[in-house]
Amino acid sequence: MFKWKKLGRIFNPLEVKDKPWLKEFAQAPATLVFDNFVRVYFSCRPERDASGQYVSYTGYVDLSRHNLLKVVGLSEKPIMELGGLGTFDEFGTYPTSVVRNGKETIAYYGGWTRCESVPYNVAIGMAISRDDGVSFTKQGSGPVLSFSVDEPMTVSGPKIRRFNNQWYMWYVAGNKWRLADGRPESIFKIRMATSIDGVSWKKMNVNLIESVLEEDECQASPDVIFFQNKYHMFFSYKYSSNFRNTDRGYRIGYASSDELIHWVRDDSKAGIDISSGDEWDNQSIAYPHVFELDGKIYMMYLGNEVGRFGFGLAVLEDYSI
Amino acid sequence: MKWKKIGKIFDPTYYELPNNCKEFAQSPQVLVFDNFIRVYFSTRERDQTGKYLSHIAFADFDKQFNVIRVSNKPVIELGRLGCFDEHGIFPLNVLRAKGEIFGYIGGWNRRVSVSVDGSIGLALSHDAGLTFQRIGDGPILSSSLNEPFLVGDPFVKVYEGVFHMWYIFGTTWKMYSDGAPPDRIYKIGHAVSQDGIEWEKHEDGRRIVSDKLNDNESQALPTEIKIGRRHHILFCFRESSDFRKNKSRGYKIGHAYSDDLLNWTRDDVNAGIDVTEGAWDSDMLCYPHLFEMDGEVYLMYNGNEFGRFGFGLAKLDR
């Protein structure tokens, strides 16, 4: 059982001025720790375009390592450009997950394109930074993880980790589009792939986490941490339809594993839920990112409307098996 | 190679085809039986939006190439909502291997900023090729770091127990003039597999056939045959803009050969086939398909208007 203490919202995109590419949303926080600060990558959006649609960029905010509630820097521009005409990431780079590899920093991200019969499709791209994560160069104009027989669509939401000299990617894959009131809604589940070099990936091709709400439960943001001799996964999950602004929206779930392959789900141990009252996270709570810093375990997460109002921080107060 | 043209052997407008398809019999793909040959092709239905959907149908021919039967029901359904082959199959490349009939799907789906994307899927037939069922909703070969989109045009052969696939991948979408929709450039790649299901690109992004026209050359629908010790591929190639109505920029047949399945030498002079003035293939030659039957080597292909009015046949002159 985990017990988290919420420390409050730490970044609100609506308070940012003079950055046209960072007008709305701050989604999917992912940290990279430096000596004196913690860089938090997130995905954000300019105002809707002429067709009424969004694109999504990834930027970062730097927090003081000694006081994570204090912002000490903000990226001047997105860490990478959108893709060229017809490419998989022409309309968005969301979410982004980063890992250090020697002097380089490697980012994996969901690249978004627009489709005719369904609103979008997503595949996972890879980019490398040689300036401590300020700017990233894509490793190709195509994706590093794409569609396959059992993962036909929306391969997205990468979370990159390295354990025991192996690269692990947890991500989500769509298995169908379901029509809800005539609108196609993507159904996606948590999956895993492994690699020895970060470039060539082997998919496990199974749904890692059983569904509890309904067969078409949607699962996202599988974030894994090793702690007290166990692997712990925090993720978010929701109903497949009618989930906007209702109690069918995102909550944070939990699963554990001894060997990274078989996972036992037990959401009652997650230890974090929506807030009461008129807080920024009183309707939904999503996209957990869990990390260790200076002897403490922290969680970043999104509040209402999947990050429209930014992300917050919680610290682990208590853990018992 | 040198080909003797036999002529057009199938016109889709003479037949009643499933799925409301009226015109087009493109990219013929052959499955040889003891007493007849089955030729799969892509034909078209217009949907409510006025855009085309490509469906697979077949025609059976006796061994003198007379039509004896046309498929009266769908050979394979189009893919589900949001899948790689939702809006068309072109081509369905069919072969017998390891006791199965494999059907490799060139699947198409529509995009917004560009017209389409594509990936390659797999279906199997358990009724001698009358119908095919997918092994899954997703593709077996798709985009990758250096093959960013438009993975299609599969052609599969088995040599010494290894499956080889020649296919194409897109390299560029380009707006050639203001207001015109973007056109694409694609090149030929090669992948291998032990079981026909799990594929590995031989080298991500490697173009196995050099350009003849310029960087903007598009190369499509590779087809392969081994004659003696030498492997030959035929394919069609064209300029990537103003190619639909401008004969000088449209599809022609190209040729390359290899003795090791790795290194290919382009040698269009020995494609051995060209347009015929005044005939059904006077302006364009495209979508070649090589096959062997009873010791002879044949080539099926489309002519003018990308096969709107059918496909023809040529025989290798030995």
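In chain B, residues 24 or more positions apart account for 48% of the contacts with a separation of 6 or more, a contact being counted where the C-beta atoms of two residues, placed from the backbone, lie within 7 Å. The model is predicted, so that local features are reported at pLDDT of at least 70 and side-chain atom pairs at pLDDT 80 or more, while totals for chains, interfaces and linings use all residues. Residues are numbered from 1 along each chain as its sequence is written, and chains are lettered from A, with ligands numbered from 1, in the order in which they are written.

Chain B contains 20 strands and 0 helices, where helices (H or I, at least four residues) and strands (E, at least two) are DSSP runs numbered from the N terminus. Its radius of gyration is 18 Å, which agrees with the value near 20 Å that a compact globule of 318 residues would have; the radius is taken over C-alpha atoms, and the globule rule is 2.2 Å times the number of residues to the power 0.38. Along the principal axes, the C-alpha atoms of chain B fill a box of roughly 50 × 45 × 45 Å. Of the 318 residues in chain B, 47% are buried, a residue being termed buried if 20 or more other C-beta atoms lie within 10 Å of its own, exposed if 12 or fewer do, and partly exposed in between, with C-beta atoms placed from the backbone.

One open sheet of chain B consists of 4 strands in the order S2-S3-S4-S5, with antiparallel pairing; two strands are taken to pair if DSSP finds at least two bridges between them. Strand S2 (23-32) and strand S5 (67-70) of chain B each have a single partner strand and stand at the edges, so one side of each is left without a neighbour in the sheet. From one strand to the next the twist averages 30°, with axes fitted as lines to C-alpha atoms (for helices over the stretch in contact) and angles running from 0 to 180 degrees between N-to-C directions. S2(B) is joined to the antiparallel strand S3 (residues 36-46) of chain B by 6 bridges, and Val30(B) stands opposite Val39(B) in S3(B).

S4(A) pairs in the antiparallel sense with strand S3 (residues 37-45) of chain A over 8 bridges, Phe42(A) standing opposite Gly59(A) in S4(A). With strand S5 (residues 67-74) of chain A, S4(A) forms 4 bridges, also antiparallel, and a hairpin joins S4(A) to S5(A) through 2 residues. By contrast, Asp197(A), in the loop between strand S12 (183-195) and strand S13 (202-203) of chain A, is exposed, with 8 other C-beta atoms within 10 Å.

The largest nonpolar core has 87 residues, of which Leu145(A), Met169(A) and Tyr301(A) touch the most other members; such a core is a set of buried Ala, Val, Leu, Ile, Met, Phe, Trp, Tyr and Cys residues joined through C-beta atoms within 7 Å. Its largest share, 7 residues, comes from strand S11 (residues 166-180) of chain A. Apart from this core lies another, of 77 residues, including Trp108(B), Val156(B), Ile273(B) and Leu285(B).

Between the chains, 29 residues of chain B are in contact with 29 residues of chain A. The side of chain B that touches chain A comprises 13 nonpolar, 10 polar and 6 charged residues, where Ala, Val, Leu, Ile, Met, Phe, Trp, Tyr, Cys and Pro count as nonpolar, Asp, Glu, Lys and Arg as charged, and the others, Gly among them, as polar.
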